[in-house]
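Subject: The structure, and what turned up in it

Hi,

Here is the structure I promised to pass on. Have a look at it first, and then read my notes below.

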Amino acid sequence: MNGFDSYRVRERAEIARMVLIAAFLVLSGAFFRTQIIQHDKFQLKAETNRLRPIPLTPPRGTILDRNGLVIAENVPGYSVKLLAPSTDSLRAVLDRVRRYVPLDSAQIGDIIDRYKQARYQAALVFGDASFDVIANLEEHRSALPGLVIQAEPKRLYPAGKSAAHLVGYVSEVTEADLTADRYPGAVLGSIVGKAGLEREYDDTLRGNDGVRYIEVNARGRLVREGAASATLQPTPGKPIVTTLDLDLQRYIDSIWPAGVRGAMVAMTPNGEIRALYSAPNFDPNHFVGGISSAEWRKLNTDPAKPLLNRVIQARYPPASPFKLAIAAMALKRGLIRLNTRMPEPCRGGMRLGNRVFRCWKREGHGTLDLTGAVAASCDVYFYQLGLKLGLDAIIQDGVLMGFRDKSGVDLENELNPIYPSSTAYFDKLYGPRYWSPPGTTLNFSIGQGENTQTLINMMRFYQGLAGNGEAVTPFIVKPSSNRKRSLGLTQQELDGLRRALIAVVEHGTASASRHSDLAVAGKTGTAQNPHGDDHGWFIGFAPAEKPELIVGGIMEFAKHGTVVAPYVVQTLRRYILGPEAAIPVKLGALQDESVTSADNAARPIELNPDSAAARAAVPDSVPQATEP
Amino acid sequence: MRAPTLDRQLVTVSVALVLFGLATLYSAGQTDVPTRAAGVWHRQFIWFGIGIVAAWIIFHVSLRVLEWISPTLYAFSIFLLALALLVGTGAGTAEGSHSWLSIGGHQIGQPSELAKVATVLMMARYLSGRKEPPRSLRDLIGPVLIVGVPCLMVLKQPDLGSAFVFVGIFFAMLFWAGVRPRMLFLLATPVISLLLAFNTLAWSVWIIVFVLILIAWRPYVWDWVVFLTANLAMGAIAMPLWNRLAPYQQNRLLTFLNPEADPRAAGYHAIQSRVAIGSGGWFGSGYTQGPQKRLAFLPEQHTDFVFSVVGEELGFVGVLVALGLFLALFLVLVRIARRATDSFSSLTVFGIVGLFFTHVFENVGMTVNLMPITGIPLPMFSYGGSFFIICSLCLGLALRVAWDSRLSGYTDA
């Protein structure tokens with residue numbers, strides 16, 4: 001064939017060579033672009049391809065009492081998570097997990113719901129797995145692709161139920177929490193405080209999540225735990241030291257009568273809370289690692305409302321303990337003195353218009369001065385004192401004393417007390433002509449009527465009485481404000497009122513709880529309860545001359561304040577005299593006729609059957625707990 | 001005159017490429033997730049042995065015998081292609097195609113690989129038998145038929161990649177036979193017209209430019225008419241032809257233009273391959289250590305995307321070495337073609353260059369999205385028996401041509 005002479009062929013070979021070299025330069029250029037110029041971009045893509053972040057939970061800060069005893073701490077625990085490329089494969093693996101460890105279909109539903117919120121993350125299966133579960137799963141690891149078992153600090157509450165409402169509990173942050181930004185810095189999967197101190201001081205306690213990366217393959221299966229990328233260590237939360245006395249807290253729990261609903265608070269005259277107890281309670285340890293939905297349902301549907309913190313979230317008519325407020329108002333305004341007697345002696349009742357308002361004691365108290373009236377809790381004396389003050393003054397001074405405001409204790413979800421700001425309140429509630437100012441005045445004089453208070457708020461008032469006449473904000477870690485509310489009483493008047501309170505225990509309504517080795521001052525109360533038996537109050541402090549501790553208690557359906565008194569007195573004795581001095585409270589106290597005979601509150605006062613007082617008499621605004 | 005030795009350059013480059021390929025294939029099997037690639041390097045070793053034997057045998061066959069047998073071989077390969085179209089089965093990436101022939105349930109080979117070599121030989125025989133290089137379209141009817149028949153049959157399987165190789169062989173061999181480059185350009189114009197037809201404005205401009213080119217170059221009147229008709233026809237049939245493509249073929253072409261458009265399905269291969277290569281950087285992640293490959297993000301890492309393993313693990317430097325070896329192989333083959341004793345041998349060797357080059361450029365190009373993705377293996381690297389043996393045969397043949405030219409005392413004057 002022509003055209004194959006060496007000259008022509010060499011010419012073509014040159015062209016071919018140039019074409020080939022050019023082609024390879026083009027290829028090399030394409031690789032240079034991909035591998036060198038765009039290297040960072042593809043390197044990042046490669047890592048997001050195969051690295052999955054697993055959050056590392058920081059150890060929460062410990063919560064200590066004032067003596068260094070542990071209220072909440074961390075112990076090693078294990079979480080079980082699953083990495084899955086799709087919902088279907090997660091379900092398939094969970095079905096296999098079921099063969100080795102118990103897992104019901106409701107739990108599986110929860111896990112899958114959680115997975116759907118963040119598919120690129122490992123789905124939490126068990127937040128706190130037992131050693132048996134871990135051992136079983138590890139044994140079958142090869143059959144469970146995507147299994148991530150991680151050592152994680154878990155919360156432990158050594159005091160268990162006894163400090164439940166005080167310390168609160170922790171659980172995984174919910175989507176609603178995140179949307180509302182209730183927990184700044186929390187991300188999906190973070191463990192946050194949901195109640196009590198855990199909630200209030202969550203920012204301090206939580207710390208910052210760390211992160212580690214695990215390597216997955218193209219099907220989203222776990223390949224290696226310790227992936228190349230650097231691990232970010234979590235920052236542990238900071239500890240908090242509280243004013244609490246864990247021994248006292250446990251003691252209250254130990255003496256509290258079984259099955260009784262109520263609350264007790266112990267605090268010092270400068271506002272430091274030593275114990276804060278609410279019954280019935282729950283075990284916060286059950287929330288660690290996620291509470292079972294059955295138990296959660298049970299806690300929420302229990303008519304006794306165990307999640308309710310009755311110290312701050314239940315309102316009761318303040319009843320007789322409020323008489324001290326009436327006395328303080330009258331003293332402050334200079335209307336009476338400690339030895340002032342009322343014009344009308346107590347004959348078991350008092351006529352006002354065409355109605356008779358009775359004293360709790362049918363046979364009457366006779367003529368009493370203020371001290372005597374407090375000691376005997378004479379209603380007729382306080383009816384007259386109330387009328388002397390007038391409703392406007394009672395409302396005005398009550399507001400000044402803080403009966404319309406929260407105590408401000410450093411716990412979340414404290415309820416506002418109910419207390420009118422002016423008489424317009426009654427006009428609005430009943431209509432201007434449908435309520436009787438004198439009748440309302442009489443109700444208010446003995447702590448009934450449209451006035452309901454939380455235990456903590458009443459405690460604040462008594463703390464003012466026990467201290468130097470100034471009520472400060474109660475606190476567990478640090479006070480939320482430095483505001484002091486002066487009761488406006490002279491030292492002499494304060495001493496006089498204290499003497500009256502001593503008389504209550506020495507020979508008055510609470511004399512059954514008297515012990516000679518510790519002088520206790522206090523006031524009983526019986527709060528009307530239209531829904532059943534009356535609630536019992538007792539607020540006391542000791543030593544009476546120079547108070548160190550104020551303890552207040554309320555027991556629902558206790559019928560009388562005298563039932564509560566021995567528990568409060570025992571708590572005071574235990575704190576002040578030490579464990580040896582504590583005499584076991586008679587468990588039969590609730591049925592003891594000799595004790596329950598005194599301090600029967602004025603029954604016939606009924607302005608309207610459906611009054612605000614009636615509605616407020618039971619803890620009405622129970623906060624609806626949200627899913628943990 | 002002393003007996004010549006084997007062409008040392010060709011042997012060295014070939015052995016280096018085969019060893020590089022085997023090493024890469026071994027690495028492709030080293031994954032954290034069990035994949036089909038796990039044991040293939042073992043079997044490729046067996047094919048390597050068979051390949052050496054095949055090369056040794058073909059080395060001892062005279063080119064005259066091959067020239068004589070080429071029509072028979074060509075007819076046989078056409079027959080096999082027809083058979084494959086009737087009873088062929090799919091495999092691997094091309095599950096739904098008819099590219100494999102099976103006997104008793106065992107897939108024994110892809111006839112398209114044999115057809116490529118047979119077509120090279122047939123073209124060499126046809127072109128070397130002519131007195132003059134083809135000058136007009138009429139002269140090209142023979143070559144067009146020789147290449148067109150197997151090409152269309154392969155396209156029908158459907159195997160776009162192999163069809164592309166036939167086009168590569170066609171242009172390479174016509175060029176080597178002495179067809180003028182402007183003629184080759186005119187032959188390529190219908191394809192340009194086809195691609196531009198998807199944009200009316202661009203196509204209109206092209207037709208005007210094309211007419212101006214025809215006026216300037218003044219080909220035979222008859223050619224004038226045919227080329228213009230072909231260009232116009234391509235513009236007309238572009239859309240119907242597109243609609244006749246299988247959806248996966250359409251997707252491949254579309255994702256070539258924009259891989260991110262469908263990252264989960266069609267674009268997956270293109271993206272993952274580039275991610276693996278791009279993460280390699282200058283020196284790569286180390287031999288057998290590539291995370292994308294190890295974790296099975298890289299698909300088909302032992303066949304079509306074997307070169308991505310090189311890119312990820314050995315980096316840009318490793319890529320340059322591999323590409324350098326291929327370039328060296330082609331330059332050696334061009335030298336052998338130039339020094340061949342006769343035009344048949346010369347055309348055959350250059351046809352082999354065309355065959356190999358199309359494979360390498362298309363395969364390597366698609367791993368970095370320079371070319372659309374077609375299932376086409378990389379010579380000496382990709383796992384696969386029939387293609388490896390075909391490559392060995394080609395190299396053995398080239399060695400024989402080199403031997404013959406040395407025997408005849410060829411000196412590079």
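Which residue in strand 21 of chain A is the bridge partner of A:G262? The partner is A:M555. Before the rest, some ground rules: this is a predicted model, where local features need pLDDT of at least 70, side-chain atom pairs count only at pLDDT 80 or more, and totals for chains, interfaces and linings use all residues. Residues are numbered from 1 along each chain as its sequence is written, chains are lettered from A and ligands numbered from 1 in the order in which they are written, and side-chain values use heavy atoms, with hydrogens and water left out.

**Strand 11 of chain A**

Helices (H or I, at least four residues) and strands (E, at least two) are DSSP runs, numbered from the N terminus. Two strands pair if DSSP finds at least two bridges between them. Strand 11 (residues 262–267) of chain A pairs with strand 21 (residues 549–555) in the antiparallel sense, over 6 bridges. Another 6 bridges join strand 11 to strand 12 (residues 273–279) of chain A, and these two also run antiparallel. There, A:M267 stands opposite A:I273. Strands 11 and 12 of chain A form a hairpin with 5 residues between them, and A:G271 in the turn has a positive phi of about 95°.

How many residues of strand 11 of chain A are buried? It's 6 of the 6, so the strand is largely enclosed by the rest of the structure. (Buried means under 20% relative accessible area, exposed over 50%, partly exposed in between, with a 1.4 Å probe and protein chains only.) In a regular strand the side chains alternate between the two faces of the sheet. Here A:G262, A:M264 and A:A266 point one way, while A:A263, A:V265 and A:M267 point the other.

**Helix 3 of chain A**

This helix (residues 87–100) has 14 residues and reaches 20 Å from first C-alpha to last, close to the 20 Å expected (the expected span is 1.5 Å times one less than the number of residues). Its buried residues are A:T87, A:S89, A:L90, A:V93, A:L94, A:V97 and A:Y100. Seen down the axis of helix 3, they fall within an arc of 155°, so they line one face of the helix (the arc is that of the directions from the helix axis to the C-beta atoms). The face turned away from that side carries the exposed residues A:D88 and A:R99. The buried ones pack against strand 3 (70–82), helix 4 (105–117), strand 4 (123–126) and helix 5 (131–139) of chain A, where contact means heavy atoms within 4.5 Å.

**Aromatic pairs**

A search of the whole structure finds 39 aromatic pairs over all chains. Rings of Phe, Tyr and Trp (its six-membered ring) pair if their centres lie within 6.5 Å; planes under 30 degrees apart count as stacked, over 60 as edge-to-face and the rest as tilted. The rings of B:W41 and B:F45 have centres 6.0 Å apart and planes at 70°, so that pair is edge-to-face. Both lie in helix 2 (residues 40–59) of chain B, 4 residues apart. B:W41 is partly exposed at 23%, and B:F45 is partly exposed at 43%.

B:F175 and B:F350 form a tilted pair, 6.1 Å centre to centre with 45° between the planes.

Cheers
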